[in-house]
Amino acid sequence: MTETHMIPAPPRRLMPAGLICAALRPILDRVVRRIARHHPDMFARIAPYQRADFVIVPAELPFALHLRPDPKAPLLRAVPRNRLPHHDARIEGRFHLLLELVDGESDGDAAFFARDLVISGNTEAVVSLRNALDDVDGSIAQETADLFGPPGRAILAVLRRRSKRQ
Amino acid sequence: MTDTEMTDTDFSTAGELVCPAGTPAALRTAVDAGADTVYCGFRDATNARNFPGLNFTPEELQSSVAYAHARGARVLLALNTYPPAGKVALWRDAAAIGMRSGVDAFIVADMGVARHIAETHPGARLHLSVQAAASSPEAIRYYCQNFGVRRVVLPRILTIPEIRKIKSEIPCEIETFVFGNHGLMVEGRCSLTNWLTGLSTNMDGVCSPAADVTYERAADGSMRSRLAGFTIDSFAPDENAGYPTICKGRYTAPHRTEGFYAFEEPISLNLGRMLPDLMAAGVHAFKIEGRQRSKSYVRSVVRAFRRAVDSIRAGGEPDLADLVALTEGQKETQGAFQTKKWR
């Protein structure tokens with residue numbers, strides 16, 4: 001794909017992005033495997049793009065997420081945003097918006113119209129992913145938080161509060 | 001239920017709210033938000049929202065119909081595209097699956113599809129899609145008399161006085177769009193997508209196929225949208241965007257070098273404030289566009305129009321939440337319903 005986006009400089013953090021990504025690796029791996037196990041129907045909607053690589057860039061975080069929605073070998077990992085892997089499609093927006101889109105609480109088209117959501121690369125892959133996620137009942141974010149018990153739920157509540165303030 | 005029976009559903013209540021669903025989750029959302037009726041389609045070319053990852057399998061349709069019926073809501077199956085020559089089997093099979101699934105009516109545009117359903121499934125209720133572009137009493141009566149059509153979805157090109165006059169001259173119910181995408185043109189006959197991509201909105205069910213759409217963001221934050229390699233619009237960094245359809249593209253011409261909307265513009269229909277006038281003109285059902293939209297959109301828009309219709313039924317004014325954030329280009333219009341001078 002042609003990369004024409006302007007990537008904002010990563011926010012300054014006490015911990016280097018590489019270390020954050022490494023620390024998140026086992027957590028994200030557990031999360032994506034659980035989602036794949038609990039929502040097998042979702043993968044049928046994205047069938048032609050199960051081997052596609054998506055990069056999801058939360059605008060205010062120092063890392064991006066690399067997703068490959070392969071039901072047999074699902075991949076979700078954090079990557080430094082200045083070292084993005086090869087990808088078929090890229091989705092960028094504020095973390096709060098991305099969280100709401102995953103949970104079906106915001107409308108992707110409206111966010112796109114308002115220029116709050118930026119997509120590039122394979123548009124059909126992005127549309128397929130959007131529709132697959134939108135057919136999931138309930139909150140994937142909440143399911144993820146529940147996976148880690150009370151600490152997970154507390155972290156999600158903090159993230160939601162912070163994101164809404166920004 | 002056999003494939004030749006259709007429940008004699010009661011469609012008699014005026015002000016029926018007809019709502020979109022692109023997925024089973026969206027259908028459940030629409031029903032829970034107060035939809036009287038939900039319309040949907042299969043994952044193929046038999047309907048005009050044949051988008052990747054969208055729509056229903058036969059199994060999903062069956063369970064979704066059961067969900068809706070258990071809560072007093074109805075389900076319409078959109079078979080509103082035109083079968084290419086020699087390829088009618090897909091539409092015939094879809095109608096048979098719809099019958100077995102217990103849908104309450106079919107939305108059709110093609111005369112051949114209408115005739116097939118009328119003859120093969122004589123108990124089936126037929127609604128005429130906006131894709132048929134039937135906008136005169138003569139055209140509408142033709143479909144009613146020959147295929148038993150019970151409802152017409154009017155093209156978005158008529159004023160309320162014109163709708164009132166048509167209603168007095170036809171033997172069927174009228175459904176009008178009240179919210180959503182406003183890409184009217186000559187509905188059912190638009191070939192702009194076909195011209196660039198080789199795929200037909202009317203036969204393949206897809207306008208501006210996503211596989212042919214690309215977005216490029218420049219260093220200054222501006223964004224260019226392309227269809228099949230052709231630039232169809234360019235948005236400044238702080239400018240609201242629209243769908244990547246040719247009819248809503250911005251073009252230059254020898255006499256308009258600055259770029260202008262030659263056909264339509266990114267804007268959505270919102271007739272919330274006209275609901276009482278539409279009901280008085282004889283409109284039976286209000287349609288919300290947006291099977292391609294998220295369940296968040298469905299929830300917000302259906303709730304808003306549910307409150308508005310209930311308020312009118314109670315003798316009050318429509319109580320409509322501000323829906324502009326969900327509109328294309330963040331702009332609303334009453335279009336031709338307000339005046340023929342619109343565009």
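Phe179(B) sits in strand β7 of chain B, which covers residues 173-181, where strands (E, at least two residues) and helices (H or I, at least four) are DSSP runs numbered from the N terminus. This is a predicted model, in which local features need pLDDT of at least 70 and side-chain atom pairs count only at pLDDT 80 or more, while totals for chains, interfaces and linings use all residues. Residues are numbered from 1 along each chain as its sequence is written, and chains are lettered from A in the order in which they are written.

Phe179(B) counts as buried because it has 26 C-beta neighbours inside 10 Å, the cut-offs being 20 or more other C-beta atoms within 10 Å for buried, 12 or fewer for exposed and partly exposed in between, with C-beta atoms placed from the backbone. Leaving aside residues up to four places away in sequence, Phe179(B) touches residues including Leu269(B), Ile288(B), Val301(B) and Phe305(B), a contact being a pair of C-beta atoms, placed from the backbone, within 7 Å.

The domain assignment of chain B, whose bounds come from an automatic or database source, gives domain 1 (16-182 + 267-338) and domain 2 (192-261). The C-alpha centres of these two domains of chain B are 27 Å apart, and 15 residues of domain 1 are in contact with 10 residues of domain 2.

Between the chains, the contact takes 32 residues from chain B and 30 residues from chain A. On the side of chain B that touches chain A, α1 (24-33), β8 (213-217) and α9 (295-313) each supply at least two residues, and β8(B) gives the most, with 5 residues.

How values were computed. Contact = placed C-beta atoms within 7 Å.
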